[in-house]
Amino acid sequence: MKGLYFQQSSTNEEITFIFQERENLPVTEDNYVKLQVKACALSHINTKLLAEMKMEKDFFPVGREIAGIVLEVGRKVSFFQPDDEVVGILPLDSEDPGLCEAVRVHEHYLVHKPEKVTWTEAAGTIRDGVRAYTALHSLSPLSPGKSVLIMDGASAQGTIAIQLAQHRGAKVISTACSLEDKQYLERLRPSLARVIDVSTGKAHIAESCLEETGGLGVDIVLDAGVRLYSKDDEPAGKLQLLPHKHDILTLLGVGGHWVTTEENLQMLSLLSNSALISLCALPSWTLQTAIASSSKERRWLSLMTKFGICQMRNKENIFLRILKDVMEKLSNGVFRPRVEEPIPLYEAKVSMEVVQKNQGRKKQVVQF
């Protein structure tokens, strides 16, 4: 039985994806289930986070968003039984790669897959759905009538965030990085309030947002990266289509919330080392955040409590309820993910190299 792993160079600059033979899985432990993997989504691997968490290995397993059929259950498993169809996210410290025919996973990382949801849709939506919930429900107060700017809305995660915001009755503005993305966003129903084409480099995001909101500014911003310096001072390879941080601050309304993926604007330094380990040891459904609010440390600790980080063994923690709600919205048609045609396992190595370079637009899923 083969699984996909990655190996990092001594300089930590390049990673290589390798198929390795795996031994047969041992007898299933008390709260663990053994899954036959039917689909696994491919996502970018944050090697810097793994290094900071001291989780580096010679060979690190690849693939964490999985959907499959339960083969065996441990004697203390209470949620599942053999032949159940499930979907979930493997934790960072999992020794099993999702890109393998069978894996072991704790039952508290899984939920049942709705019958009419395909394997590809389930695996391709679960992570982006949790990220959208984290950004729009835990890190910002989304409610009907709020204005939301979602950068790069035509990406796989941007699409899900748009659909969740619209479902809650928000007014959504988005940016497009190409003509194709612009056409895709303009075809979405319900329609977006405005699509800002940034591909030419001539669009002024702040001006467009202020115009759309009558000068009040937007309530919530979800970025896809920002420039911290002037274009001349940016590191080589930094996308010049990204807005400057001052543009985001300009277009934010009073009391607005900015949820960012820029690691240098994070607030994780406010957490103690033990709290940080607890946070990052879970599936990577968090976004780095820079929120315009007071009592930042209390907000982070509140976030940890909300997501059951201190009570991960709780059978009905909020993380599991989010997973269930993501699947329910996928089943009901609220979520309509951008997923590529599924690929076989033997193409996973090449596809992961593309995903690691952030060159794909749609979600790539391996189907077994």
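Entry 1, the helix pair. I saw that α2 passes α3 in a right-handed crossing, meaning that the near helix is turned clockwise from the far one by less than a right angle. This is a predicted model, where local features need pLDDT of at least 70, side-chain atom pairs count only at pLDDT 80 or more, and totals for chains, interfaces and linings use all residues. Residues are numbered from 1 along each chain as its sequence is written, and side-chain values use heavy atoms, with hydrogens and water left out. Helices here are DSSP runs of H or I of at least four residues, strands are E runs of at least two, and both are numbered from the N terminus.

I looked up the geometry next: the axes of α2 (residues 119-138) and α3 (residues 156-167) come within 9 Å and cross at roughly 55°. That makes α2 oblique to α3. Oblique covers the angles left over once under 35 degrees is roughly parallel, over 145 roughly antiparallel and 65 to 115 roughly perpendicular. The axes are lines fitted to C-alpha atoms over the stretch in contact, with angles from 0 to 180 degrees between N-to-C directions.

I found Val254 in strand β13 (residues 252-259). Val254 is exposed, with a relative accessible area of 85%; exposed is over 50%, buried under 20% and partly exposed in between, for a 1.4 Å probe and protein chains only. Its C-alpha is 7.6 Å from that of Asp219, 35 residues apart along the chain.

I noted Phe319, Leu320 and Ile322 among the buried residues of α9. After α9 comes Gly333, with a positive phi near 85°.
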